[in-house]
Amino acid sequence: QDGKEKHAYQSDVARLRKIVINSLYSHRDVFLRELISNANDALEKLRLTSLTEPDVLTGAEQMNITIQATRDEDGSGRIIITDTGIGMTADELTNNLGTLAKSGTSEFLSRAESDTSGNGNLIGAFGLGFYSSFLVADRVQVASLAAKSSKNPDPKQYVFSSGADENSFDIFTDPRGNTLGRGTEITLFLKGDAGEYLEEKTIKDLVNKHSSFSTAFPIYLLTHRVEMVPKEVPEEEPVAEEEKPETTETPKEDIDEDEVVVEDVTEEVEPKEEKRKEPELVPVTREEWVQMNSQPPLWMRDPKTVTDEEYENFYQATYKDFNKPLAWYHFSGDSGSGVSFRALIYIPSQLDDSYWQNPLQSVTKDIRLMVKRVFITSDLGEDALPKWANWVKVVVDAEDLPLNVSRETLQSNAFLKQLRGIILKRLLQLLNRIMEDDPEKWAKIQETYGNVFKLGAVEDLKNREKLVQLVRFATNQRNSTSLDEYLENKKQGQNQIFYLADMGKSAEELSKSVFIEKLHARGYEVLLLGDPLDEVFITNVRRWKKIGFQDVAKAGLKFGDEEMTAEEEKAEQEALTEKYKPLIEWLRKEVREKGAARDVIISNRLVASSCAIVADEHGYTANLEKLISSSHAQVNHKHMWDFAKKQKVLEINPRSPLIEGLLHRIEQLPVEEEERDIEAEDELREVATVLVDGALVRSGFAVTDSNEFFMRVDRILRRSLGVSETAPTDTTVKPAPPVDPELPADADLPDVDEFISSGHGKVSWEVEEIDEFGNVVKDVPVEQKRHDEL
Ligand SMILES: Nc1ncnc2c1ncn2[C@@H]1O[C@H](COP(=O)(O)OP(=O)(O)OP(=O)(O)O)[C@@H](O)[C@H]1O
């Protein structure tokens, strides 16, 4: 082991290995799928590199994956998985297998470490890759010979070796020399309890289930067959040479053991005189490489012949997802530009953790574009899917593109330009089908992708119409409605879609809002929007089927069945305004001084509440105000922010006795300067301020100064109780004794053990009641003493 170098694992790798081993024991089958998937990636990489650098193909003729299982004499076992892919240099072995390149790994690992669900979903979603080997192996040895290239004209075979419990790994030159020709050989020294993986049947089942359709490269298994042969057969023949398959053609089929020739024995035959001496038979083991995936890849098969389980297994193996997909769509087509293709699209059951973290960044990584079964690229360049759909997993296999098409020439290919449209169209069809036929699945889709559709409707103008149809909202009348269903339920004359938005509030909370009390009481439906994206959706989409959205917290609300004409309504409004003029003027001064609102008007939306603060058409609702104040927008557009923030109106309810009472009191105030009752004015001002602050809170805004607000409430309460408003509260407290850093001596502390054992861990105490002179009162039952004390 020439030039052996010891390397410490990057700390994240050590953590990942530990989590994998601890949390995925019951899923340890996955190791084979992960390693075959890596082998497939290495072969695909080799093929792509060979387009520009044909030299990489030297060393080994075939591109394939082989698996062999060996039981050693001491009972231990090894599985060896070999591919003739791109291989790794010593540096690549160190970097690829000793570090984790994924971003956000540390944070992810912390969450996975504290995940006690035990189902491994979290870690499974991360993609385990190579480290899953340690689920079944005590020691893993990776020998690799990088493909020959202009940069590396004389590659050498190196070994990576590491034990499952070791914090370091070794890299050294392979003492066997360049035995591989090209590629990577992974030897798993199986754990004592992983012997089942040595069984041919187990391996065949696992490959069939998880990997047979996911790679276009052949996978061979070394099989062993016991055959009875005559004893005198020359010695060299029985044990077939262990030769790796050299062709990709399916090697000789397994001989069917049931195929036994049965001689017809009905005819009595006289025993021969001289019985020919049967040669003595002895068992010999023959080894044979058998291809396990001779079927065409799944996406090329007729959908009628593919079972759901096969679709699920293919998805899980190809996209390394622990969870089953929610739905899929398998179709073929003709692009119109002369390219016929087959495609399979999947909807995963979960969105990637990072999806909402970078709302504007879209990376499509799960589209596998193949040409005649051969993987070409995942990079659609500028034709990538929009953000809203970039989670969809797709395999597309085009029949009529040249095989040596490179990533670069592909970018300008007409088919690629059409691909995005094809995928989005089919995805939307699939979603529509689920919406119509499968309510249970549709509920799951809504739960995971509900917000994605809103984002899509904002982002993807071309598909906006279809995406809006997928969006659902809660209302004051039902848990979920589409905009179409909303319109079906609109009332005669109603020409607005009513909504109330308040970020972070539940539909239930919103349904109690002052802004919808009249609508609700009258039987109108109001969309209740608690998600920050909802209002963004509404402001972008603006109208549906020509009917505009109306924020019920803003001015401009029309029921559409107003009995009075606009003029009559105006006249009534004016009459009420006239009646309430003294109060309105008085309040206007107050709210302007406080900066709480721009004006005071008579409300036609309030039923039981006395007043509310309503945003003007140009103002911010409480929701937008919250959204903006939590972002940087207010710093960048300070003037706009200050302006819009002030565009609020205090609406008062003319039917509220409180408002009427207030009007009455204001009217009674002497107006002449010399007769003014300053005390009564101050008192009313205080009431008004509390009223306005209450309206702010009730309408979802923050009060300007909450401390001041509570002091005012305090004063009003005192007044109503007849307590002196100026009487000070005794705020003196006993100061703490001087500093004393000395720790108490042991003797002063209660003996904790004794304390706990005496009461079996329960706290018990004795109560001594004392009279007003400090004397102990005797003979009072303990229960009563406790009661009295309480
Ligand atoms: N058989 C192989 N041949 C060549 N390189 C390999 C092979 N197996 C692993 N690698 C290299 O090691 C890297 C790490 O592998 P690992 O399986 O841990 O993660 P991954 O395949 O990149 O990600 P994931 O499995 O989560 O999709 C790979 O990206 C690849 O570069």
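Met88 lies in the loop between strand E3 (77–83) and helix H3 (90–98). The model is predicted. Met88 is among the residues that an unreviewed UniProt entry lists under "binding site". Nine strands form an open sheet of mixed pairing.

**Met88**
- Met88 counts as buried because 24 C-beta neighbours lie inside 10 Å, and 20 or more are needed for that label.
- Leaving aside neighbours within four places in sequence, Met88 is in contact with Leu93, Asn96, Ser144, Ala146 and Thr184.

**Other residues in the UniProt listing**
- Glu34 sits in helix H2, which covers residues 30–52.
- Glu34 is buried, as 21 other C-beta atoms lie within 10 Å.

**The sheet**
- The strand order is E1-E6-E5-E4-E7-E3-E2-E8-E9.
- Strand E1 (5–8) and strand E9 (281–291) are the edges, and each pairs on one side only.
- From one strand to the next, the twist averages 20°.

**Strands E8 and E9, and helix H6**
- Strand E8 (residues 219–230) and E9 run antiparallel and are joined by 11 bridges.
- Val229 stands opposite Val282 in E9.
- Helix H6 (residues 200–211) packs on the sheet and touches strand E2 (65–71) and E8.
- The direction of helix H6 makes about 150° with that of E8.

How values were computed. Residues are numbered from 1 along each chain as its sequence is written. This is a predicted model: local features need pLDDT of at least 70, side-chain atom pairs count only at pLDDT 80 or more; totals for chains, interfaces and linings use all residues. UniProt positions are given in the numbering used here, feature names are shortened, and annotations may be inferred rather than shown by experiment. Helices (H or I, at least four residues) and strands (E, at least two) are DSSP runs, numbered from the N terminus. A residue is buried if 20 or more other C-beta atoms lie within 10 Å of its own, exposed if 12 or fewer, and partly exposed in between; C-beta atoms are placed from the backbone. Two residues are in contact if their C-beta atoms, placed from the backbone, lie within 7 Å. Two strands pair if DSSP finds at least two bridges between them. Axes are lines fitted to C-alpha atoms, for helices over the stretch in contact, and angles run from 0 to 180 degrees between N-to-C directions.
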